[in-house]
Amino acid sequence: MRHKRSDFPQDFLFGTATSSYQIEGHGQGGAGRTIWDDYADTPGNVVRAENGQRACDHYNRYEADLDLVRDAGFDCYRFSLSWARIMPEGRGTPNAEGLDFYDRLTDAMLDRGLKPAATLYHWELPSPLQDMGGWRNRDIAEWFADYTRVIMDRIGDRMWSVAPINEPWCVAWLSHFMGLQAPGVRDIRATARAMHHVLLAHGRSIETMRDMGLNNLGAVVNMEWATAADGSPESVAAATRYDAYYNRWFLSGLFKGAYPEAALEGLEPHLPKGWQDDFATIGAKLDWCGLNYYTRKLIAHDDTPWPSLKEVDGPLPKTLMGWEIYPQGLQDFLERTAREYTGDLPLYVTENGMASPDVLTDGTVRDEARIAYINDHLDAVQRAHASGVPVKGYFVWSLLDNYEWSLGYEKRFGLVHVDFDTLARTPKTSYHALKHALTA
Ligand code: FCB
């Protein structure tokens, strides 16, 4: 690594991130069925129809996994809680085994001196809630508030930070407009409702946790820098629309109590009645904001219904996901977010990382490309910090190779290699490099 801990401010935090369905092994411990199980069981959705029933078996191996987090010198561990593990039906009687698991997991983090950074929802909606409309149904805000109370009653006293929902764009747009994640819907009316209800649920969850006296509450949004693929006014407008429904919608809702015009132009006719009255809840005060950043997109006009755009293949080097490597976008987002939305509020990079081939040979996994990726993005964080942005931490996605959603176990994002036959963990070169940077 080009960087070391002492290049950053003393209170700057380093962490690594995972999520429940991607690592735990959902077939164990009495977890209920989720929309990801349903999505994966539908032919054509997921590579080799793989699901998270076994994943990394973190449910049984969490102690050793947390040893890896501690030994690398990380300060924080960003993890998520599975709604369906805690409430198998989504509502009603909690699963005692699930609550016990997260209780043990919390104490295991604290025993290792790690700050627990919890996310309440990282995409595995209990299937019975999907039967009632899932994110289309306004009632999801109350279901989510009830779930928030159940799990925070048990572990809230020991959390360092809590964010209700990971990446609302993926929950709403990717899953209801593009159909590329569960529940795999392609419908603009469902999308508009999900775009709004995901923020309403976030707000109700924050209100619930404030009532319980919890602190250090935030939101985690994902961002993709949108660049017009050509100089035509049509493509510039298309990139503006992409930026509006991808990046600005959620920040605007959370911090300005409004939605951007360039997104409303297509979504407003499909929003639920009275949406304008929900911003007091959506805008419930936050203590920090997290940005997940991976890539940019080149956007061109397309002669299709709104949003009338298409993604164009870009010229930059790409990760195994086919995502262009564009660290400048991270600096630009940190600066724009602080300038236009969050002001002095602490910002965190809550996810950043790459998929690479990462072949295990002779007990070693060399992933120099990942080290370079992290170096270049840490440069961007430093430039943003130098320009005055209150960026307070950086989390690598991910600790382990894991279930990469519709790409199954094919795309490896881990600092630690996982053999999905034996479940053996092997720290990669990037893990050792980060460990050196953080602890030497
Ligand atoms: C993010 C997700 C995370 C993982 C990475 C690669 O959008 O939050 O679960 O899939 O992308």
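**Cavities, pockets and the ligand**

Guide: In this predicted model, the lining of the largest cavity takes at least two residues from each of three strands: β3 (115-121), β4 (161-165) and β8 (347-351). The space inside the largest cavity comes to about 80 Å³. Its lining has 13 residues, and those closest to the centre are Ala117, Trp160, Ser161, Trp288 and Thr350. By class, nine residues of this lining are nonpolar, three are polar and one is charged. In total, the model has five cavities of 30 Å³ or more. Such gaps can be located because a probe the size of a water molecule, rolled over the atoms, shows where empty space is left.

The largest pocket has a volume of about 750 Å³. It is lined by 38 residues, and Leu174, Glu224, Lys297, Met321 and Trp323 are the closest to its centre. Two or more lining residues come from each of α8 (168-176), β5 (218-228), α10 (233-256), β6 (288-301) and β7 (309-312). Among these elements, β6 gives the most, with six residues. The lining of the largest pocket holds 18 nonpolar residues, along with 10 polar and 10 charged ones.

The ligand belongs to this part of the picture, for the space it takes is the largest pocket. Around the ligand stand Gln22, His122, Trp123, Asn166, Glu167, Tyr294, Glu351, Trp397, Glu404, Trp405 and Phe413. Five residues of this shell are nonpolar, three are polar and three are charged. For Glu351, an N or O atom of the side chain lies 3.0 Å from an oxygen atom of the ligand. On its own the ligand would expose 290 Å², of which the protein buries 95%.

Glu351 falls within the residue range of β8 (347-351), one of the strands that supply the lining of the largest cavity. Trp397, another residue around the ligand, has a cis peptide bond to Ser398, with omega near 15°. Ser398 is in the loop between β11 (391-397) and β12 (416-418).

The second largest pocket has a volume of about 280 Å³. Its lining has 15 residues, and Trp173, Phe177, Met178, Pro307 and Leu309 lie nearest the centre. At least two residues of this lining come from each of α8, α10 and β7, with β7 giving the most, three residues. In the second largest pocket, 10 lining residues are nonpolar, two are polar and three are charged.

Pro307, one of the residues nearest the centre of the second largest pocket, is placed in the loop between β6 and β7.

Notes:
Residues are numbered from 1 along each chain as its sequence is written. This is a predicted model: local features need pLDDT of at least 70, side-chain atom pairs count only at pLDDT 80 or more; totals for chains, interfaces and linings use all residues. Side-chain values use heavy atoms; hydrogens and water are left out. A residue is near a molecule or strand if one of its heavy atoms lies within 4 Å of it. A polar contact is a pair of N or O atoms within 3.5 Å; within protein, one must be able to donate a hydrogen and the other to accept it, and residues adjacent in sequence count only if both atoms are side-chain atoms. Accessible areas come from the Shrake-Rupley method with a 1.4 Å probe; for residues, only the protein chains shown count as cover. On a 1 Å grid over the protein atoms alone, a cavity is a set of points where a 1.4 Å probe fits but cannot get out, and a pocket is an open set with protein on both sides within 12 Å along at least five of seven lines; lining residues have an atom within 4 Å of a point. A molecule sits in a cavity or pocket if more than half of its atoms lie within 2 Å of its grid points. Ala, Val, Leu, Ile, Met, Phe, Trp, Tyr, Cys and Pro count as nonpolar, Asp, Glu, Lys and Arg as charged, and the others, Gly among them, as polar. Grid points are joined across faces, edges and corners, and a volume is the space filled by probe spheres set on the points. Helices (H or I, at least four residues) and strands (E, at least two) are DSSP runs, numbered from the N terminus.
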